[in-house]
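Dear colleague,

I am pleased to hand over the structure shown below.

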Amino acid sequence: MNFYDFHVHSEFSEGESSIEEITRRAKLLGYKGICFTTYLDNKNKIKKTKEIALNLSKKIGIEIFIGFEARNMSELEKLIKSRREYDVLLVKGSDLLLNRKAVETKEVDILTHPEYNRRDSGFNHVMAELATENHVAIEINFREILNSSKNTRANIMHKIKNNVVLCKKYRTPVIICSGAVTHWQLRDPKVLMSMGCLLGLELNETKKTISEVPENIIKMIKERRDEKWIRPGVKVVR
Amino acid sequence: MREKERYIAFQVISEEDEEFTYPDLESAIWNTMLDFLGEEGVSKTSVWLLKDCWDQKTQKGILRCNNKSVEEVIASLGLIDRLGDNRITFKILKISGTIKSIREKLC
């Protein structure tokens, strides 16, 4: 089975470790591919990041993708316009309106931690239905759990469990990512799967969250790289 | 009634290949599990770090737990990010129902 981690920050965004350190650690832990996530401010660095990623991908033997994480509405709109320039579009959850916009948008691949910094879970049944319709995966962020403790961790896990219940009911894709900002925060795929089980997913569902769901996103990435692709659902036939 | 056991082989990956001793690791695992699962939760796992299977050179070891608590134990291992002043990560090598097959993997 192929495992993927689609939310990792390198030194080119808010991360501390270099792309090489992260890639080598991911290979050691048994991943087949990872996605380096960055912000719109670093768009001028994307060429350099892509170059390094391509060289490392060949050298180490791991698939590397480049993703952008939108932090607000204006960033999301700008990123949608330049959707062809990068592989994965993530939306940083927390604001309810932004969460809603993310699940309504076909171009978005992942809504990261919708419950982040909120008193509620930041996700509801209407959003779950929309996310299923538009193939937007809802992320369970391991770093959120790792970096918290005691009552904060309990609250975060409670909110994630609520979101998992909704996702299961509406068959919304769920993706578990490490959200690592250093290579020390990358976790073994089995650890992520076990955490998924504790958060209310069945064993076969947790396997899907780090293998099948990312593979579906990769399928979309490959479609998008095709010259005939115009926008989600539209491509040149002849 | 005798409960079914599972053995989890793991490797500790650390900065500059630091060599940790059995008591270091044992206390880190117990503290994290007690924090995360609570005393009652840990009592259900029957977790034990096998002393004679801990290899300080290769930093490989075996954890024993019951078959219903494998997920809890592995998730707890993932929450250990430091051992003393060193940053660490756990790599899960194999999960097995018999110690014989898991020893073959480690050797």
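Two residues count as being in contact if their C-beta atoms, placed from the backbone, lie within 7 Å. Please note that the model is a predicted one.

The interface between the chains may be described in these terms. On chain A, 13 residues are in contact with 13 residues of chain B. Helix 1 (19-29) and helix 8 (189-198) of chain A are the elements that give two or more residues to the side of chain A that touches chain B. Of these, helix 8 of chain A gives the most, with six residues. The residues on this side of chain A comprise nine nonpolar, one polar and three charged.

Chain A also holds an open sheet of seven strands, in the order 1-2-3-4-5-6-7, with parallel pairing. Its edge strands are strand 1 (4-8) and strand 7 (174-177) of chain A, each of which pairs on one side only. Direction ignored, neighbouring strands of this sheet are turned by 30° against each other on average. Strand 4 (residues 88-92) and strand 5 (residues 110-112) of chain A run parallel and are joined by three bridges; Val91(A) stands opposite Leu111(A) in strand 5 of chain A.

In chain B, five strands form an open sheet in the order 2-3-1-5-4, and the pairing is antiparallel. Strand 2 (48-49) and strand 4 (82-83) of chain B each have a single partner strand, so one side of each is left without a neighbour in the sheet. Strand 4 of chain B is joined by two bridges to strand 5 (residues 86-96) of chain B, and the two run antiparallel. Here Leu83(B) stands opposite Asn86(B) in strand 5 of chain B.

With kind regards

How values were computed. Residues numbered from 1 in each chain as written. Chains lettered and ligands numbered in written order. Predicted model: local features only at pLDDT ≥ 70, side-chain atom pairs only at ≥ 80, totals over all residues. Pairing = 2+ DSSP bridges. Helix = DSSP H or I, 4+ residues; strand = E, 2+ residues; numbered from the N terminus. Nonpolar A, V, L, I, M, F, W, Y, C, P; charged D, E, K, R; others polar. Axes fitted to C-alpha atoms, helices over the stretch in contact; angles between N-to-C directions.
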